[in-house]
Amino acid sequence: MNLRIILVTGANGGLGTAIARMFLEESPDNFVWLGVNNRRERAEKLAAENPGRCRLVPLEVTRPGAWQSAVAEILAAQGRVDVLVNNAGRHEDALLAQMAPETWSRVLAVNLDGVFHGCQTVMPAMISQRNGRIINVASLSALLAPPGQTNYAAAKAGVVALTQSLAKEVARIGITVNAVCPGYVDTGSLAGLDDEARRQALAKIPMRRFGRPEEVAAAVRFLACAEASYITGSVLKIDGGIF
Amino acid sequence: MSTSTELKGQIKRLLVENLMLQISPEEIGDDQPLFGPNGLGLDSVDALQLVVALDKNHGLKLSDAGVARKTLQTVNTIAAAIEGS
């Protein structure tokens, strides 16, 4: 049996769990590594529901050493990495005039540096395989640059540019690199909105509803599938029609 | 066939197979520059693949960019680095 080895970062979050679950449901030949940091209860539940097909791996995405350890563990166990989904992210919104430099740095570190470290760490294996799929979870904020998100929007715009630049570097080696830009998706990150903020957000969405994590996960699954082999450097908006 | 000649043959095959060159291994000269218009015309992406392939097949570590640049000049310089590693 030829297993397809998939690593999803931020796998304890609402979107990460949905992405991992969708790969597990797609095929019994998919083996999913769940990259987790401090919180892991959802990932542990998913692993328990899928014995032998899913494992947790400690992965603080801002630390290059953590990436080296995680990818080394995967390669030692299974010899290859076929798909990397850089999903881990965080936002700490504030007006730039009031933003602490540490807040800027933390958001850049997780959302942009983490993607860089991840891509760099899996690259030797994917080059050696002459095959690989990288899907970076950016954000609609990368394209719309809303106020209060200078850090997050800059980081995610950086992810989009990194995606397109890396895609050109490795296209001839058989590695594709794509990004998805979710808009308002009903995960934990929307839970912090009060009723008025939710109403205002919904008013901006032509579909008049928030996206579901599974709707983003489906796009990620597609970009990782064999039929998407000629798609690279693409940026796919998943936002209910906002533009 | 000497060990060195055999090794150079392996390196030439590695170049052709990993970089999908449209020439045969025998057409590559031992001292032919790998990069630049007067050589094989490899570029930085080829170099990246070459570094990974040499590590995988010969255990040659070229993590330092300066060392990699010196090592990846010709088949002879690669062979010398493998024999010296």
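**Helix packing and chain contact in a predicted two-chain model**

Helix α4 (residues 101–129) of chain A packs against helix α6 (residues 150–170) of chain A at an angle of about 15°, and the two axes lie 8 Å apart. Since angles under 35 degrees count as roughly parallel, α4(A) is therefore roughly parallel to α6(A). The crossing of α4(A) past α6(A) is right-handed. On the α4(A) side, the contact is built from A:Thr103, A:Trp104, A:Val107, A:Leu108, A:Asn111, A:Leu112, A:Val115, A:Phe116 and A:Cys119. Facing them from α6(A) are A:Asn151, A:Tyr152, A:Ala155, A:Lys156, A:Gly158, A:Val159, A:Leu162 and A:Leu166.

Stepping back to the whole of chain A, the secondary structure consists of eight helices and seven strands. Chain A has 243 residues, for which a compact globule would have a radius of gyration near 18 Å; the value for chain A is 17 Å, which agrees. Taken along the principal axes, the C-alpha atoms of chain A fill a box of roughly 50 × 35 × 35 Å. Of the 243 residues in chain A, 44% are buried. As for contacts in chain A between residues at least 6 apart in sequence, 71% join residues at least 24 apart.

Another helix pair in chain A involves helix α1 (residues 14–26) and helix α8 (residues 213–224), whose axes come within 8 Å and cross at roughly 55°. That angle makes α1(A) and α8(A) oblique to each other, and α1(A) passes α8(A) in a right-handed crossing. From α1(A), the residues that meet α8(A) are A:Gly14, A:Leu15, A:Ala18, A:Ile19, A:Met22, A:Phe23 and A:Glu26. Their partners in α8(A) are A:Pro213, A:Glu214, A:Val216, A:Ala217, A:Ala218, A:Val220 and A:Arg221. The tally for the contact of α1(A) with α8(A) is ten nonpolar, one polar and three charged.

Helix α1(A) also has α2(A) (residues 41–49) as a neighbour: their axes come within 10 Å and cross at roughly 10°. With that angle, α1(A) is roughly parallel to α2(A), and here too the crossing is right-handed. The contact brings A:Thr17, A:Ala20 and A:Arg21 of α1(A) together with A:Arg42, A:Ala43 and A:Leu46 of α2(A). These residues divide into three nonpolar, one polar and two charged.

Among the strands of chain A, β1 (residues 4–8) holds A:Leu7. A:Leu7 has 27 other C-beta atoms within 10 Å, and because 20 or more is the mark of a buried residue, A:Leu7 is buried. Apart from neighbours within four places in sequence, A:Leu7 is in contact with A:Trp33, A:Gly35, A:Ile74, A:Val81, A:Leu84 and A:Val85. A:Phe210, on the other hand, sits 203 residues from A:Leu7 along the chain, and the C-alpha atoms of the two are separated by 27 Å.

Now for chain B. Its secondary structure comes to four helices and zero strands, so reading from the N terminus on gives the plain order α-α-α-α. For the 85 residues of chain B, a compact globule would have a radius of gyration near 12 Å, and chain B agrees, with 12 Å. The C-alpha trace of chain B spans about 30 × 25 × 20 Å along its principal axes. Buried residues account for 26% of the 85 residues in chain B. Of the contacts in chain B between residues at least 6 apart in sequence, 49% join residues at least 24 apart.

B:Gly36 gives a look at a loop in chain B, the one between α1 (3–19) and α2 (44–58). B:Gly36 has 11 C-beta neighbours inside 10 Å and therefore counts as exposed. Between B:Gly36 and B:Gly84 there are 48 residues of sequence separation and 26 Å of space, C-alpha to C-alpha.

Finally, the two chains touch. The contact takes six residues from chain A and five residues from chain B. On the side of chain B that touches chain A, the residues divide into three nonpolar, one polar and one charged.

Note on methods:
Residues numbered from 1 in each chain as written. Chains lettered and ligands numbered in written order. Predicted model: local features only at pLDDT ≥ 70, side-chain atom pairs only at ≥ 80, totals over all residues. Contact = placed C-beta atoms within 7 Å. Nonpolar A, V, L, I, M, F, W, Y, C, P; charged D, E, K, R; others polar. Axes fitted to C-alpha atoms, helices over the stretch in contact; angles between N-to-C directions. Parallel < 35°, antiparallel > 145°, perpendicular 65-115°, else oblique. Left-handed = near helix turned anticlockwise from the far one by under 90°. Rg over C-alpha atoms; globule rule 2.2 N^0.38 Å. Buried ≥ 20, exposed ≤ 12 C-beta atoms within 10 Å, placed from the backbone.
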